[in-house]
Amino acid sequence: MGGKAILMICDGLGDRQFKGRTPLQRARRPNMNMLASKGITGLMDTISPGVTPGSDTAHLALFSYDPHTCYQGRGVYEALGAGLELEEGDVAFRCNFATVDSRMVVRDRRAGRITGVGEVLAKELNGQKVDSCGIVFKATTEHRGVLVLRGEGLSRNVSDVDPHEANMPVLKSKPLDGTMESKRTAFILNRFTEMSHEILAEHPINVEREKKGKPPANIVLSRGAGAYARLDTLEERYGIKSACVAGGALYKGVARAVRMDVIDVEGATATANTNLVAKASAVKKALEDHDVVFLHIKATDNFSHDGDINGKVKMIERIDKILPLLMKTGAYIILSGDHSTPCTTKNHSADPLPIVIYGEGVRVDDVKRFDEISCMKGGLGHIRGLDVMPIMLSLIGKTKIFGS
Ligand SMILES: [Zn+2]
């Protein structure tokens with residue numbers, strides 16, 4: 001047995017019943033239902049029952065990396081996803097350009113969602129040093145960026161300086177354990193934050209913005225510390241070549257952490273206007289020289305966080321339409337999500353996800369529809385995220401017998 005496989009993950013796909021039906025149940029989804037009819041279905045807890053997954057830990061589990069031992073903190077995946085090369089011991093953060101007043105109270109966490117100036121401002125910060133620790137700073141999209149502290153004796157056990165809401169003072173980062181490394185990292189992060197304010201407040205771009213009455217991007221607020229440590233790669237683990245097709249930096253980052261080839265697709269945006277056909281074509285092309293291709297679609301989660309049931313239903317219907325393109329490749333298709341995000345609660349939840357596996361030789365069960373309720377009766381039963389990769393690799397003939 002041989003073959004290729006597509007691991008298709010719709011972010012926040014799982015949901016709860018609202019007036020009797022989940023968004024998946026409401027959506028016209030003939031192709032998802034065809035996968036269910038001709039495939040094997042079940043439920044999946046990405047981490048374990050009752051545990052609400054973050055998107056980062058969920059994807060590690062789906063790639064077969066136990067997040068309890070492999071998770072390095074969000075900042076690492078944001079930095080890798082932004083295209084930075086990390087070194088062992090680097091401590092990385094996700095950042096916002098923000099607006100503070102003269103008393104260091106945050107007036108706008110996103111500096112008016114600035115666009116087009118992040119790169120110019122980042123140049124002033126990148127390459128600086130704080131207490132002999134190197135500063136790598138890269139602007140990403142709109143008001144967002146990533147910060148990497150590079151040097152000896154750093155720790156990820158430090159608190160955020162970002163207060164996470166407006167009209168609150170910028171926080172002092174604190175060490176979260178008693179080590180010298182954490183104390184030093186908190187000191188450096190606080191000093192960097194002050195320095196970002198000193199440098200950015202006087203930058204001509206911000207002087208100009210203030211003149212026009214726009215919120216200046218006069219500070220960098222950091223959060224989500226992560227410490228980079230090299231993981232064994234998917235190729236080292238299983239001898240497979242794998243690729244990632246995704247729009248969001250976080251997903252590209254987790255994929256890069258396990259050394260998938262990240263394929264940049266024009267028009268893949270991690271929002272509802274993403275070009276799904278371009279992504280499906282990129283998957284088809286990537287299958288030519290990869291065994292496994294991970295396809296990530298973000299917008300289902302965005303609608304869920306907004307509590308927009310109709311938006312989520314329509315997004316599922318759009319996703320359904322690209323399935324024939326993927327089915328034509330002849331690859332196995334594994335379709336699920338990374339966690340549930342019920343539109344009714346607008347937050348991630350621990351509810352398990354429906355999962356379907358379609359392809360040559362799977363044991364076809366009686367389930368004819370792809371949704372949270374129908375898949376309860378499926379032949380896969382109830383699996384965990386860590387099981388997905390081994391099941392997929394055994395189907396494509398990439399696992400060895402255990403024993404003899
Ligand atoms: Zn997610």
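At 30% relative accessibility, Arg-237 falls in the partly exposed class, where buried stands for under 20% relative accessible area, exposed for over 50%, and partly exposed for values in between, with a 1.4 Å probe and protein chains only. The side chain of Arg-237 meets that of Asp-232 in a salt bridge, with N and O 3.0 Å apart, and Asp-232 is itself partly exposed at 32%. This is a predicted model, in which local features need pLDDT of at least 70 and side-chain atom pairs count only at pLDDT 80 or more, while totals for chains, interfaces and linings use all residues. Residues are numbered from 1 along each chain as its sequence is written, and side-chain values use heavy atoms, with hydrogens and water left out.

**Salt bridges**

- The structure holds 24 salt bridges, a salt bridge being a side-chain nitrogen of Lys or Arg within 4 Å of a carboxyl oxygen of Asp or Glu.
- One of them joins the side chains of Glu-85 and Arg-256, at 2.8 Å from N to O. Because Glu-85 lies in the loop between α5 (74-81) and β3 (91-100) and Arg-256 in helix α10 (residues 249-257), this pair ties together parts that are 171 residues apart in sequence; helices (H or I, at least four residues) and strands (E, at least two) are DSSP runs, numbered from the N terminus.

**Domains**

- The protein chain is divided into domain 1 (5-71 + 232-395) and domain 2 (78-227), with bounds that come from an automatic or database domain assignment.
- The C-alpha centres of domain 1 and domain 2 lie 33 Å apart, and 8 residues of domain 1 are in contact with 7 residues of domain 2, contact meaning heavy atoms within 4.5 Å.

**Nonpolar cores**

- The largest nonpolar core has 92 residues, and those with the most contacts inside it are Ile-6, Met-8, Phe-63, Leu-295, Leu-326, Ile-334 and Phe-370; such a core is a set of buried Ala, Val, Leu, Ile, Met, Phe, Trp, Tyr and Cys residues joined through side-chain atoms within 4.5 Å.
- Helix α13 (residues 309-327) supplies the largest share of this core, 9 residues, and the core draws at least three residues from each of domain 1 and domain 2.
- Apart from this core lies another, of 35 residues, which includes Ala-122, Leu-125, Val-130 and Phe-137.
- Leaving out residues up to four places away in sequence, Leu-295 touches Ile-6, Leu-7, Met-8, Ile-9, Val-245, Lys-279, Val-283, Ile-322 and Leu-326.

**The eight-stranded sheet**

- An open sheet of mixed pairing is formed by 8 strands in the order β10-β9-β11-β1-β12-β13-β2-β14, two strands being paired if DSSP finds at least two bridges between them.
- The edges are taken by β10 (261-263) and β14 (381-384), each of which has a single partner strand, so one side of each is left without a neighbour in the sheet.
- On average, neighbouring strands of this sheet are turned by 25 degrees against each other, direction ignored.
- Strand β2 (residues 40-45) runs parallel to β14 and is joined to β14 by 4 bridges, and Met-44 has Ile-383 in β14 as its bridge partner.
- Helix α13 lies across β1 (5-10), β11 (292-297), β12 (332-337) and β13 (353-358), and runs at about 175 degrees to β1; axes here are lines fitted to C-alpha atoms, for helices over the stretch in contact, and angles run from 0 to 180 degrees between N-to-C directions.

**Backbone points to check**

- Most residues other than glycine have a negative phi.
- Asp-131, in the loop between β5 (129-130) and β6 (133-139), has a positive phi near 50 degrees and is partly exposed at 45%.
- His-164, in the loop between β7 (144-150) and α7 (180-201), has a positive phi near 70 degrees and counts as partly exposed at 43%.
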